[in-house]
Amino acid sequence: MEFLSRTQVIIAFASVGLAVYVLDLVRRRRLSEEYSLLWVAASLTIAFLGFATPVLRWLTRLLGMLFESSTVFALGLAFAVAMLLFQSVKLSRLGQENLILARELALLRERIERSPSPQGSA
């Protein structure tokens with residue numbers, strides 16, 4: 001078994017802690033399951049790479065990087081970019097839905113204002 005550096009152990013335990021925290025947020029209904037799967041998968045991947053030094057070294061060589069920490073940083077950056085893109089797509093869709101709802105509300109208000117009131121006919 002290879003010796004794990006202090007940094008690897010800290011990163012691995014921090015990512016396990018993040019996974020537990022994400023699951024707690026889901027349990028308290030502060031984070032939807034849709035997002036939690038991404039966060040748990042990312043944190044468990046980082047924990048695995050933190051504990052599995054040979055795998056991390058193999059992945060570093062495969063990607064052509066010089067240091068294992070660069071590989072972990074690059075994977076984290078890729079995850080952050082992917083999450084930002086995912087959030088941008090969701091935000092764009094919600095903006096379009098909000099615009100459609102505002103138009104429908106305006107049409108309903110206009111229809112109510114133009115219709116004769118039932119009190120005046122009595």
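Let's start where two helices meet: Leu56, Arg57, Leu59, Thr60 and Leu63 of H3 are in contact (heavy atoms within 4.5 Å) with Glu68, Thr71, Val72 and Leu75 of H4. Sorted by class, this contact has five nonpolar, two polar and two charged residues. Here Ala, Val, Leu, Ile, Met, Phe, Trp, Tyr, Cys and Pro count as nonpolar, Asp, Glu, Lys and Arg as charged, and the others, Gly among them, as polar. This is a predicted model, in which local features need pLDDT of at least 70 and side-chain atom pairs count only at pLDDT 80 or more, while totals for chains, interfaces and linings use all residues. Residues are numbered from 1 along each chain as its sequence is written, and side-chain values use heavy atoms, leaving out hydrogens and water.

The axes of H3 (residues 53–63) and H4 (residues 68–114) come within 9 Å and cross at roughly 75 degrees, so H3 is roughly perpendicular to H4 (65 to 115 degrees).

Now turn to H2 (residues 33–51), which packs with H4 at an angle of about 175 degrees, the axes being 11 Å apart. That makes H2 roughly antiparallel to H4 (over 145 degrees). Glu34, Tyr35 and Leu38 are among the H2 residues in this contact, and Phe86, Gln87 and Lys90 are among those from H4. The contact has 11 nonpolar, one polar and two charged residues.

Let's finish with lysine 90, which lies in H4.

Terms used
Axes fitted to C-alpha atoms, helices over the stretch in contact; angles between N-to-C directions. Helix = DSSP H or I, 4+ residues; strand = E, 2+ residues; numbered from the N terminus. Parallel < 35°, antiparallel > 145°, perpendicular 65-115°, else oblique.
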